Amino acid sequence: MFSGPLSDRRYRHLFAAQVIALLGTGLTTVALALLADALAGAQAGQVLGTALAIKMVAYVGIAPLVGAYATRLPRRSLLVGLDLLRASAVGVLPFVSEIWQIYLLIFLLNACSAGFTPLFQATIPDILETDSHYTRALSLSRLAYDLENLLSPLAAALLLTMMGFDLLFLLNALAFLASALLVVSVVLPRAQATDAPQSLRDRLGHGLRIYLRTPRLKGLLALSLAVAAGGAMQIVNTVVYVRSGLGLGEISVALAFAAAGGGSMVVALGLPRLLDKVAQRPLMLAGGGLMTASLFLGLLQPAFGPLLLLWFLLGAGSSLVLTPSGRLLKQSCRGADRAAVFSAQFSLSHACWLVTYPLAGWLGSQYGLSLAFLVLGLLALTGTLAAARLWPDGDPVVLEHEHPPQHHSHLHVHDEHHQHEHEGWEGPEPHAHPHRHAPGRHRHAFVIDTHHAHWPV
């Protein structure tokens, strides 16, 4: 009945949880705009802008904290607990009467999402161990985000003909509860034992250190800047360009947003087969180039038809970067460090959005959309060129490297790298005790970890 990654019951339930939660979140996006209008009137845009900034701050600040503790807590219980907290936060939104209450609940809601999303993403490769199934799962995940962008506003418009906007928040709360039930219904793999640093300060930086010492991930971060530049221009200024610049109506605004989602969906559908034939690096760099070109072409002040084509190409370029990113993260760390590295990507990529969102709005409103297209295009170009420089061509997984002699203590099992005498007190494996590694040179799949602090030159 099911094929590919959906043939695995655990993934099937988790994917359903993701889709339901995303659809619910899309309803809240619409309802929040209406709540801001009800409480703030003409200042609703300022309230929404502040709420969006709070969302990004929560994403950037909370994700590394959850990543630091993710391997030390039961994975399923943590995911369910975060879903329940999200349901509680969004369920209270219909009852707020002050703007500061919106800000508080938005921070709580997105702090929980900053913990849930990277942990959820880090769990999938532990379930789908084959590269082909995992790649297709990444494609499905990208499609889920795109469908949410397309379907949630339509669903909200239909529901608003039958109910008040406050009930959309309650539907989102029910969606999070359904997500929690789907997570509870499956047994998730245990997080692998980790030898990450024990102090909170060191644990907070553990995923970031792995990330920023891995060339391909530094390239991914640079491309994340390009994605944020293109996405911010499209999300923030589409309504301004279409309504004020072209003098068109709300349906045209919706079509422009749909064009970007359509481009992303087309790429997400075709990318798994393409990745079987073409390496990730050239495809992802092509995505950065496509977004850059689309932004610069915006300087021509296109009419509505050409704008739809530009937004379609912008969405396609974004998907070329985002869809394979999970493969890069999986390839660049041990299973025990996966939650920390996925959290680092979540935090750093959203830090890019924290810069580009206000920049797109400020440039567009103060200096006009042409300057916004130019500056954000230059940002996308900078990110793409930096990625090409930081991420080496070829990028082999297996690297030959030399180990100096090393004497340290960390959690380990007795594999080919750990052959030493015991005194009897060390306990069952994996265990930690002082031991020595002799110098040597060898080849294997290279990642930054306890034994490999720096990338081979």
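A residue counts as buried here when its relative accessible area is under 20%.

**Figure 1. The whole protein, a predicted model, has 14 helices and four strands.** Of its 457 residues, 50% are buried by that cut-off. The protein exposes about 20,600 Å², and carbon and sulfur atoms supply 64% of this area. Take contacts between residues at least 6 apart in sequence: 81% of them join residues at least 24 apart.

**Figure 2. Here is a close-up of helix α3 (residues 75-92) beside helix α6 (residues 166-184).** The two axes come within 8 Å and cross at roughly 170°. An angle over 145 degrees counts as roughly antiparallel, so α3 is roughly antiparallel to α6.

**Figure 3. This view turns to the residues where α3 and α6 meet.** On the α3 side, look for R76, L79, V80, D83, L84, R86, A87, V90 and G91. Facing them from α6 are F169, L170, N172, A173, F176, L177, S179, A180, V183 and V184.

**Figure 4. Our last stop is Q18, found in helix α1 (residues 9-40).** With a relative accessible area of 11%, Q18 is buried, because the cut-off for that label is under 20%. Setting aside neighbours within four places in sequence, Q18 has contacts with F120, S141, A144 and Y145.

How values were computed:
Residues are numbered from 1 along each chain as its sequence is written. This is a predicted model: local features need pLDDT of at least 70, side-chain atom pairs count only at pLDDT 80 or more; totals for chains, interfaces and linings use all residues. Side-chain values use heavy atoms; hydrogens and water are left out. Axes are lines fitted to C-alpha atoms, for helices over the stretch in contact, and angles run from 0 to 180 degrees between N-to-C directions. Helices (H or I, at least four residues) and strands (E, at least two) are DSSP runs, numbered from the N terminus. Angles under 35 degrees count as roughly parallel, over 145 as roughly antiparallel, 65 to 115 as roughly perpendicular and the rest as oblique. Contact means heavy atoms within 4.5 Å. Buried means under 20% relative accessible area, exposed over 50%, partly exposed in between (1.4 Å probe, protein chains only). Accessible areas come from the Shrake-Rupley method with a 1.4 Å probe; for residues, only the protein chains shown count as cover.
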